[in-house]
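Subject: Structure handover

Hello,

Here is the structure for your files. My notes on it follow below.

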Amino acid sequence: MLATPPTCGATRLVCIDGPSGSGKSSLARRLAGPLGDPPLVQMDDLYPGWDGLDEAVPLLRDLIVAPLAAGMPARYRRYDWAVGAYAEEHDLGVPPLVLVEGVASGARAVACHTTLLIWVEAPQEERFRRGIERDGESYRPHWERWARQEQAHFAAEATRSRAGLRVDGAPAVPHDVETELVLLP
């Protein structure tokens, strides 16, 4: 990725998108080390709550992608889900590479500045199992509400079909989870 020319000003923008619970965060963390630990923006820090998927796309575009494309430092405020308001500011500067992971990170609104769009997917049953295991059964209604937003978003955006790399987030194929990815056809 670092050999690829920048597409967002002097920055290479790698977006890791796919449905919740598919393995995007895990993949982003796995990629960060070998890539020199670039800034990692999690879309969870941009969504203004459980009904804010679509509202996060303009924030990604305006606060992170547009400044970087103009050669300016990018910064954003993290949304504090417990408080229900935006909290501290995160300054990204103008790094050579930024990883953005989360639902809607690969939106068309930022596509022209994206160096690589990675799509991660897993079966819905497995994704919900992971989410409920992490968040607790009381979050199931939120997960279901969020899933409806995801479905509408991905249908409108055709994100999967635009991805340069498609990763199986729940592969049945034996592989080294630390060093190998299982790609989807």
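Helices (H or I, at least four residues) and strands (E, at least two) are DSSP runs, numbered from the N terminus. The model is a predicted one, in which local features need pLDDT of at least 70 and side-chain atom pairs count only at pLDDT 80 or more, while totals for chains, interfaces and linings use all residues. Residue numbers start from 1 along each chain as its sequence is written, and side-chain values use heavy atoms, with hydrogens and water left out.

Pockets

A pocket here is an open set of points on a 1 Å grid over the protein atoms alone, where a 1.4 Å probe fits, with protein on both sides within 12 Å along at least five of seven lines; lining residues have an atom within 4 Å of a point. Grid points are joined across faces, edges and corners, and the volume is the space filled by probe spheres set on the points.

The second largest pocket has a volume of about 210 Å³. It is lined by 16 residues, with Gly23, Ser26, Arg30, Asp168 and Gly169 closest to its centre. Helix 1 and strand 7 (165-168) each supply at least two residues of this lining, and the largest share, 3 residues, is from helix 1. By class the lining has 7 nonpolar, 5 polar and 4 charged residues (Ala, Val, Leu, Ile, Met, Phe, Trp, Tyr, Cys and Pro count as nonpolar, Asp, Glu, Lys and Arg as charged, the others, Gly among them, as polar).

The largest pocket has a volume of about 600 Å³. Its lining takes in 27 residues, and Gly21, Ser25, Asp44, Arg134 and Trp143 lie nearest the centre. Helix 1 (24-32), strand 3, helix 4 and helix 5 are the elements that give two or more residues to this lining. The classes are 9 nonpolar, 8 polar and 10 charged.

Cores

A nonpolar core is a set of buried Ala, Val, Leu, Ile, Met, Phe, Trp, Tyr and Cys residues joined through side-chain atoms within 4.5 Å. Buried means under 20% relative accessible area, exposed over 50%, and partly exposed in between (1.4 Å probe, protein chains only).

The largest such core has 33 residues, and Val41, Met43, Leu46, Leu60, Ile64 and Val100 have the most contacts inside it. Helix 2 (53-69) is among the elements that supply at least two residues each; its share, 7 residues, is the largest. Beyond four places in sequence, Val41 is in contact (heavy atoms within 4.5 Å) with residues including Leu46, Ile64, Tyr76 and Leu92.

Strands and loops

Strand 3 and strand 4 (residues 85-93) run antiparallel and are joined by 6 bridges; two strands pair if DSSP finds at least two bridges between them. Tyr79 has Tyr86 of strand 4 as its bridge partner. The two strands form a hairpin with 4 residues between them, and Gly84 in the turn has a positive phi of about 80 degrees.

Asp37 is in the loop between helix 1 and strand 2 (40-42) and counts as exposed because its relative accessibility is 57%. Ala158 is in the loop between helix 5 and helix 6 (159-162) and, at 25%, counts as partly exposed.

Val103, in the loop between strand 5 and helix 3 (108-111), counts as buried because its relative accessibility is 2%. Its C-alpha atom is separated by 5.3 Å from that of Asp17, 86 residues apart along the chain.

Regards
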